Amino acid sequence: EIALLLLLWLLHFSSVYSDITDGNAEHLKREHSLIKPYQGVGTSPSSQWDFWGSTLITSQYVRLTPDERSKQGSIWNTVPCYLKDWEMHVQFKIHGSGKKNLHGDGFAIWYTKERLHHGPVFGNQDHFVGLAIFVDTFRNDLQGTDRSFPYISAMVNNGSLPYDHGKDGRSTELGGCSVEVRNKDHDTYLAIRYSKGRLTIMVDVDDRNDWKECIDFGGVRLPTGYYFGASAATGDLSDNHDIISMKMYQLMVEHAPEEDNQDWTKIEPSVSLLKSPKDNIDDPTGNFRSTPLTGWKVFLLLLCALLGIVVCAVVGAVVFQKRQERNKRFY
């Protein structure tokens, strides 16, 4: 009975940690969502999204850059977000005529203090303040052979750190994963969740509604009142970078009274690390893993522990039975 209870608890534990918002409409925040046919996009005073550069708005997609060289484009929510806990689902498509390793550069999803400031970081400004999720499709660092591209990574910045294109942002990333997202015949998705100081990035690139964890990082502090956006850039190589939708969901999470009472707009973007991001320059893996274990790792560890207990119990029972039989022979 104890083993059964432990197993049920483990299953519940894993389901909680692997949960992804299923798109419940009552939690959808339309003022922060970009959805077909993109009626709220434009330059009018009532528009909730504004765009810049090479961005093209159609009825089926928002094309940040065409498959042409030296293009930059972006689209930004005009409404600041005051949600403390949220989850953004991004449906996107990267495609073009370039062959393997002859395409670029990628796109980024932003949650930043300022918006519509174009620059060298995937079409947005460097030294930004806030959060960035990069979907980098071109390898610049020829020494970094430990990872394949496209590569998804995350960066939190208070404005003091530059993004190092030459090293593919390795020195300032919180973590990342390699994911094949280019020239897919089906939909590809990215989910960004921020809740109670934890940043989790999930991907679904096989069109199976099967979310896989890319990044899970604790100790992240983000303020409210920042803006969501997306940008992309091409250089000597190019691709079409399309955003199909950006759907924002509010997560219903309880906070301690002292957290609720503080002014979240005054929080400075930061990450609690055992080492500074600058110390990551000489780290060949380019990953920080100083955070608590992710849900699946904890689940597997507990499952192994449970199996170990069961095996010990069985072995103990067998040994006990053998001793009983042996003792009977002495009477």
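Student: First off, how many salt bridges turn up in the whole structure?

Tutor: The search gives 10 salt bridges. Keep in mind that this is a predicted model.

Student: What does Arg63 pair with, and how far apart are the closest N and O atoms?

Tutor: Arg63 pairs with Asp242. Their closest N and O atoms are 2.8 Å apart.

Student: Where do those two sit in the chain?

Tutor: Arg63 is in strand β3, residues 62-65. Asp242 is in strand β15, residues 240-250. The pair links distant parts of the chain, 179 residues apart.

Student: Is Asp242 buried or exposed?

Tutor: Asp242 has a relative accessible area of 4%, so it counts as buried. Arg63 is buried too, at 15%. The cut-off for buried is under 20%.

Student: Which residue does Glu68 bridge to?

Tutor: Glu68 bridges to Lys71, with the closest N and O atoms 3.8 Å apart. Glu68 is partly exposed, at 40% relative accessible area. Lys71 is partly exposed as well, at 29%.

Student: And what about Asp206, what is its partner?

Tutor: Asp206 forms a salt bridge with Lys212. The closest N and O atoms there are 3.8 Å apart. Asp206 has 31% relative accessibility, so it is partly exposed. Lys212 comes out at 44%, also partly exposed.

Student: OK, sheets now. What is the strand order in the sheet that has β1 in it?

Tutor: The order is β1-β4-β14-β6-β7-β8-β9. That makes seven strands in an open sheet, with antiparallel pairing.

Student: Which strands are at the edges?

Tutor: β1 (49-53) and β9 (175-178). Each of them pairs on one side only.

Student: How many degrees of twist from one strand to the next, on average?

Tutor: It averages 15°.

Student: How many bridges join β8 to β9?

Tutor: Four bridges, and the two strands run antiparallel. β8 covers residues 151-158. Tyr151 stands opposite Ser178 in β9.

Student: What about the sheet with β2, what order does that one have?

Tutor: It runs β2-β3-β15-β5-β10-β11-β12. It is an open sheet of seven strands, and the pairing is antiparallel. Its edge strands are β2 (56-57) and β12 (212-217), each pairing on one side only.

Student: Is β10 mostly covered or mostly open?

Tutor: β10 is mostly covered. Seven of its eight residues are buried.

Student: And how does β10 pair with β11?

Tutor: Antiparallel again, over seven bridges, with β11 at residues 198-204. Leu190 stands opposite Val203.

Student: Switching topic. Where is Thr224?

Tutor: Thr224 is in the loop between β13 (220-221) and β14 (227-233). Its relative accessible area is 6%, so it is buried despite being in a loop.

Student: What is Thr224 in contact with, apart from its neighbours in sequence?

Tutor: Leaving aside neighbours within four places, the contacts are Cys81, Tyr82, Leu83, Lys84, Tyr111, Trp264 and Thr265.

Student: Last one. Which residues form a nonpolar patch on the surface?

Tutor: Val310, Val314 and Val318 form one, with about 220 Å² of accessible area together. Val318 lies in helix α3, residues 295-330. At 42% relative accessibility, Val318 counts as partly exposed.

How values were computed. Residues numbered from 1 in each chain as written. Predicted model: local features only at pLDDT ≥ 70, side-chain atom pairs only at ≥ 80, totals over all residues. Heavy atoms only, no water. Salt bridge = Lys/Arg side-chain N within 4 Å of Asp/Glu carboxyl O. Buried < 20%, exposed > 50% of the residue type's maximum accessible area, 1.4 Å probe, protein only. Contact = heavy atoms within 4.5 Å. Patch = residues over 30% accessible without salt bridge, like charges linked within 9 Å, V, L, I, M, F, W, Y side chains within 5 Å. Areas by Shrake-Rupley, 256 points an atom, 1.4 Å probe, with all protein chains shown as cover. Pairing = 2+ DSSP bridges. Axes fitted to C-alpha atoms, helices over the stretch in contact; angles between N-to-C directions.
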